Amino acid sequence: MKKIQVRHDIQYDNSRMKGSLFLSGIRIVFQLSFFQGKRSKKSRLFALLSFSPIALALFLRIHQTLSPERSFDGLYFFNNAILIFIFQFLILVLTLFYGTSISTEDLEAGTWAYLVTRPIPRASIVIGKYLSSLILAAAIIGTGLIVSFLILNLESLARISIYGYLIKDLAVLWLALMAYTSFFTFLGASIRRSVFFGLIFSFGWENVIQYFPGSTQRLAIIHYIKSIIPLPSSGRFSFLTFQLEPTKPAYAVLALLGISLFFLVLACLIFIYKEPRAED
């Protein structure tokens, strides 16, 4: 009886040790990756790209100032110009290069051997780098989204209700970044020339299949994103809802969370059982 108890205690201690090593590995890799990522040329270039929504918002605001006789609906222009640019271009570009680089940047920099010889589970490496990329992308794109929102809604900043749209847009942004970064992490870990195939997916599949009628459009990640973007009921035409047959918001959120978890787990399994190689 005592031998069984001792064996059980040893197994329990081993599982606790593995769990502690797993979490500490995520923290170490996250800190290292985040510090290197925010100083990289890639992040600086993306930070400059994040000024595009701000520049577009300023253009629309200046145009309205020069033509005061025309009505100006800040939320309408924000949804039909800024959000379209962010969700159908900017997010795809950032998550593609951040996600695919998770599996290749250490190989190209020659630091992969350093990582895998450390007593850190490979899954911790993937998750730590994934979280780093996710937060960097959220900071870059979120800044452009917030500033452009404030510029286009200057007359309404005293209304508390308007900030509900901003908070919901930021929540949708986070879910979109989770799903796309997870998918591109898997893509980068599973195939060579992942950037090339990622571009085909982003600006081919995602930008075409969403306009197919019926359930076919549910095969695109952007469909679930559009299904939960908060849109004011202005009665005017909205590009975001064009041909959209929305999924119920609760199901759309679950779908985005499921996509994020599914592809992240697949990427971890690939890293565990397959020796990654640099792309050709």
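The legends below accompany close-up views of a predicted model.

**View 1. Helix α4 and its bend at Ile86**. Helix α4, which spans residues 74–101, bends by about 35 degrees at Ile86. The helix is mostly covered, with 23 of its 28 residues counted as buried.

View 2. When neighbours within four places in sequence are left aside, the residues in contact with Asn79 are Ile84, Pro230, Leu231, Pro232 and Leu240.

**View 3. The aromatic pair of Phe46 and Tyr98**. A search of the whole structure finds 15 aromatic pairs, and one of them is formed by Phe46 and Tyr98, whose ring centres lie 5.4 Å apart. The planes of these two rings stand at 65 degrees, and since an angle over 60 degrees counts as edge-to-face, the pair of Phe46 and Tyr98 is placed in that class. Phe46 belongs to helix α2 (residues 41–49) and Tyr98 to helix α4, so the pair ties together parts that are 52 residues apart in sequence. Phe46 and Tyr98 are both buried.

**View 4. The aromatic pair of Phe184 and Phe201**. The ring centres of Phe184 and Phe201 are 6.0 Å apart and the ring planes are at 80 degrees, so this pair, too, is edge-to-face. Phe184 is located in helix α8 (residues 162–190), whereas Phe201 is located in helix α9 (residues 194–209), and the pair therefore ties together parts that are 17 residues apart in sequence. Phe184 is buried, with a relative accessible area of 0%, and Phe201 is likewise buried, with a relative accessible area of 15%.

**View 5. The aromatic cluster that includes Phe184 and Phe201**. Phe184 and Phe201 are members of a cluster, linked by ring pairs, to which Tyr180, Phe183, Phe186, Phe262 and Phe263 also belong.

**View 6. A nonpolar patch on the surface**. Leu261, Val265, Leu269, Ile272 and Tyr273 form this patch, and together these residues have about 530 Å² of accessible area. Ile272, one of the residues of the patch, is found in helix α11, which covers residues 249–273.

Terms used. Residues are numbered from 1 along each chain as its sequence is written. This is a predicted model: local features need pLDDT of at least 70, side-chain atom pairs count only at pLDDT 80 or more; totals for chains, interfaces and linings use all residues. Side-chain values use heavy atoms; hydrogens and water are left out. The bend at a residue is the angle between axes fitted to the seven residues ending there and the seven starting there. Helices (H or I, at least four residues) and strands (E, at least two) are DSSP runs, numbered from the N terminus. Buried means under 20% relative accessible area, exposed over 50%, partly exposed in between (1.4 Å probe, protein chains only). Rings of Phe, Tyr and Trp (its six-membered ring) pair if their centres lie within 6.5 Å; planes under 30 degrees apart count as stacked, over 60 as edge-to-face and the rest as tilted. Patches are made of residues with over 30% relative accessible area and no salt bridge: like charges are joined within 9 Å, nonpolar side chains (Val, Leu, Ile, Met, Phe, Trp, Tyr) within 5 Å. Accessible areas come from the Shrake-Rupley method with a 1.4 Å probe; for residues, only the protein chains shown count as cover. A salt bridge is a side-chain nitrogen of Lys or Arg within 4 Å of a carboxyl oxygen of Asp or Glu. Contact means heavy atoms within 4.5 Å.
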